[in-house]
Amino acid sequence: MTDIMNAIKSAAIKINKAIKTEDTSKAESENSSGDVQVKLDIISDEIIENEFKKVSAIKEIVSEEKEDVTPMHENGDYLIAYDPLDGSSLIDVNLSVGSIFGIYKDEYSGPTIVAAAYVVYGPRVELVIARDVVELYRLDEEKNEFIFQKELSLGEKGKIVGPGGTQKEWYSYHKEMIDKFFADGYRLRYSGGMVPDLHQILLKGGGLFAYPGANDKPKGKLRKLFEVFPFAYVYNRAGGLAIDGKDDLLELGIDHIHDTTPCFFGSDYEIKRVLKTYAKVEK
Ligand code: AHG
Ligand code: MN
Ligand code: MN
């Protein structure tokens, strides 16, 4: 596992450089989810694949940017699913983006994820690693080294909400729930990049991030393997909760590697309110 985390650190340093120096325009291709790729999606994917190739503990990898799995080392113990550059459409407007990693044993599913990590490329580059505990590291760009900062945990309740999706398409009970949070004094924090948005809630110690099912997308937008399970693992380890409206996200399986699911991440108080709202709804 140390080798995997070191490979993630090396990849993050290289991706950070690429973000700052490479062409930020669109590529002429789409990924498996039908998203238009930017050139940096493809560059970041290659950087990560090249770092993981060197690690014998990795049996196989799968990327948001590729249709199928890529075998690595037959005797490796771990399967890794990753989103090389999350929020890449925000690069052009110079907002923060990220990389997300889920490390799985035996198969790709909620119950078999054993560690998760993500990197935020913002004014500073930060890395969060979740195993037994959740640790925050910050990149020292002079030494090219990630320096441990502190352990992270969520409190009982926060003050911010990040509500994803197209509001016009939201189900009425979802809209009422979100409106109620704002009526209760919660403030809006949504950049369109789940990495900085979830990072903010985690660092501030609480709040709610929601990407619900809606009329246009009944199964939400965010992908289980590359985005949802890793963050569900981080939030669980930090003392928060992550659900699909009714069930713990880490209880879910997959039918396909690019499956999506509605998802809600947050501290105890907010997630209990989501559970109460969604209890009346059929799944
Ligand atoms: P990606 O750039 O990897 O395709 O993912 C972007 C994701 C996520 O980061 C963000 O929360 C969500 O898409 C934003 O979607 P909306 O634009 O629908 O709010
Ligand atoms: Mn993504
Ligand atoms: Mn992506």
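**Entry 1: helix 3**

I started with Asp-179 and Lys-175, which both sit in helix 3 (residues 172-183), four residues apart, about one turn of the helix. I keep in mind that this is a predicted model. Their side chains form a salt bridge, with the closest N and O atoms 3.2 Å apart. I checked how open the pair is. Asp-179 has a relative accessible area of 37%, so I noted Asp-179 as partly exposed. Lys-175 comes out at 36%, so Lys-175 is partly exposed as well.

**Entry 2: other salt bridges**

I looked up the total and got 16 salt bridges for the structure. One of them joins Lys-14 and Glu-51, with the closest N and O atoms 2.6 Å apart. That pair ties together distant parts of the chain: Lys-14 belongs to helix 1 (residues 2-21) and Glu-51 to helix 2 (residues 39-53), 37 residues apart.

Lys-168 is exposed at 69% relative accessibility. Glu-169 has 18% relative accessible area; the cut-off for buried is under 20%, so Glu-169 still counts as buried.

Next I went to the metals. What coordinates the manganese ion (ligand 2)? I found Asp-83 (OD), Asp-86 (OD) and Glu-227 (OE), at 1.8 to 2.1 Å. Along the sequence these donors are spaced D-x2-D-x140-E. I looked at burial here too: Asp-83 is buried at 0% relative accessible area, and Asp-86 is buried at 6%.

For the manganese ion (ligand 3), I listed Glu-64 (OE), Asp-83 (OD) and Leu-85 (O) as the coordinating atoms, at 2.3 to 2.6 Å. Their spacing along the chain reads E-x18-D-x1-L. Glu-64 lies in the loop between strand 3 (58-63) and strand 4 (70-71), and Leu-85 is in strand 5 (residues 78-86), so to my eye this pair links distant parts of the chain, 21 residues apart. Glu-64 is buried at 3% relative accessibility, and Leu-85 is buried at 1%.

Asp-83 turned up in both lists, so I checked the geometry: Asp-83 bridges the manganese ion (ligand 2) and the manganese ion (ligand 3), and the ions lie 3.5 Å apart.

**Entry 3: helix 5**

Glu-227 sent me to helix 5, where it is listed among the buried residues. How many of the 14 residues of helix 5 (residues 224-237) are buried? I get twelve, so the helix is largely enclosed by the rest of the structure. Among them are Lys-224, Phe-226, Val-228, Pro-230 and Tyr-235. Just after helix 5, I noticed that Gly-239 takes a positive phi of about 90 degrees.

**Entry 4: domain 1 against domain 2**

For contacts, I have 42 residues of domain 1 touching 30 residues of domain 2. The size of an interface is often given as the accessible area lost when the parts come together. Here the two domains bury about 2600 Å² between them, and 67% of that is on carbon and sulfur atoms.

Two salt bridges cross the interface of domain 1 and domain 2. I also looked up Arg-223 and Asp-35, whose side chains meet in a salt bridge at 2.8 Å, N to O. The polar contacts between the domains come to 14 residue pairs. On the side of domain 1 that touches domain 2, the elements giving two or more residues include strand 3, strand 5 and strand 6 (97-105). Which strand gives the most to that side of domain 1? Strand 7 does, with seven residues.

**Entry 5: Gly-245**

Last stop was Gly-245, which I found in the loop between strand 14 (241-243) and strand 15 (263-266). At 1% relative accessibility, Gly-245 is buried. Setting aside neighbours within four places in sequence, Gly-245 is in contact with Phe-264, Val-274, Leu-275 and Tyr-278. I also took the separation from Ser-25: Gly-245 and Ser-25 are 220 residues apart in sequence and 36 Å apart in space, C-alpha to C-alpha.

Notes:
Residues are numbered from 1 along each chain as its sequence is written. Chains are lettered from A and ligands numbered from 1 in the order in which they are written. This is a predicted model: local features need pLDDT of at least 70, side-chain atom pairs count only at pLDDT 80 or more; totals for chains, interfaces and linings use all residues. Side-chain values use heavy atoms; hydrogens and water are left out. Donors are N, O and S atoms within 2.8 Å of the metal (3.2 Å for Na, K and Ca); water is not among the atoms, so sites may look incomplete. Buried means under 20% relative accessible area, exposed over 50%, partly exposed in between (1.4 Å probe, protein chains only). Contact means heavy atoms within 4.5 Å. Buried area is the accessible area (1.4 Å probe) that two parts lose on being put together, summed over both. A salt bridge is a side-chain nitrogen of Lys or Arg within 4 Å of a carboxyl oxygen of Asp or Glu. A polar contact is a pair of N or O atoms within 3.5 Å; within protein, one must be able to donate a hydrogen and the other to accept it, and residues adjacent in sequence count only if both atoms are side-chain atoms.
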